[in-house]
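Reader: I am new to this structure and would like to learn how to read its features one at a time. Could you take me through them slowly?

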Amino acid sequence: MKTCIACGMPMTKAADYALGDESKDYCLYCAWPDGSMQSYLEKVEGMTGFLIRTQGLDQAVARQTAIRTLSKLPAWQGEITSC
Ligand SMILES: [Zn+2]
């Protein structure tokens with residue numbers, strides 16, 4: 001089983017992959033409809049919104065948490081993590 005390189009989600013079935021393509025290294029939530037992977041900043045924004053909605057974090061805390069989480073994932077090694 002693979003995990004998404006961009007968000008860490010386990011991908012257990014073909015439908016979890018971008019475009020349902022198991023050769024991809026990232027999940028459907030990290031892909032645009034054309035199958036290309038979202039950028040680091042797009043994932044930071046997306047995860048920040050997700051944390052605010054699901055955990056009630058405030059904006060600044062949610063953003064820091066998102067950046068910390070993403071910084072551990074293989075897709076973003078070498079990205080600036082202090083923005
Ligand atoms: Zn993902």
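Author: What follows is a conversation about the record, the domains, the core and the salt bridges of this model. This is a predicted model, in which local features need pLDDT of at least 70 and side-chain atom pairs count only at pLDDT 80 or more, while totals for chains, interfaces and linings use all residues. Residues are numbered from 1 along each chain as its sequence is written, and side-chain values use heavy atoms, with hydrogens and water left out.

Reader: What feature does UniProt place at residues 3-77?

Author: UniProt positions are given in the numbering used here, with feature names shortened, and annotations may be inferred rather than shown by experiment. In this case an unreviewed UniProt entry gives residues 3-77 as "domain: Putative zinc ribbon". That span is 39% helix and 4% strand, and its end C-alpha atoms lie 16 Å apart; helices (H or I, at least four residues) and strands (E, at least two) are DSSP runs, numbered from the N terminus.

Reader: Into which domains is the protein chain divided?

Author: Domain bounds come from an automatic or database domain assignment, and here they give domain 1 (1-37) and domain 2 (39-83). The centres of the two domains, taken over C-alpha atoms, are separated by 18 Å.

Reader: How many residues of each domain are in contact, and what area is buried between them?

Author: The size of an interface is often given as the accessible area lost when the parts come together. Buried area is the accessible area (1.4 Å probe) that two parts lose on being put together, summed over both, and contact means heavy atoms within 4.5 Å. Here 9 residues of domain 1 are in contact with 8 residues of domain 2, and about 610 Å² is buried between the domains, with carbon and sulfur atoms giving 64% of that area. On the side of domain 1, Ile5, Ala6 and Met37 lose the most area to domain 2, together 57% of what that side buries.

Reader: Which residues have the most contacts inside the largest nonpolar core?

Author: A nonpolar core is a set of buried Ala, Val, Leu, Ile, Met, Phe, Trp, Tyr and Cys residues joined through side-chain atoms within 4.5 Å; buried means under 20% relative accessible area, exposed over 50%, and partly exposed in between (1.4 Å probe, protein chains only). The largest such core has 19 residues, and those with the most contacts inside it are Cys4, Tyr26, Cys30, Tyr40, Leu70 and Trp76. Helix 1 (40-55) and helix 2 (59-71) each supply at least two residues of this core. Because domain 1 and domain 2 both give residues to the core, it lies between them. Leaving aside residues up to four places away in sequence, Cys4 touches Met9, Met11, Asp25, Tyr26, Cys27, Cys30 and Leu73.

Reader: How many salt bridges does the structure hold?

Author: A salt bridge is a side-chain nitrogen of Lys or Arg within 4 Å of a carboxyl oxygen of Asp or Glu, and the structure holds 4 of them. One of them joins Lys2 to Asp25, with the closest N and O atoms 3.0 Å apart. This pair links distant parts of the chain, 23 residues apart, with Lys2 in strand 1 (residues 2-3) and Asp25 in the loop between strand 2 (10-11) and helix 1. Another is formed by Arg63 and Glu45, at 2.9 Å from N to O, and it links helix 2, which holds Arg63, with helix 1, which holds Glu45.
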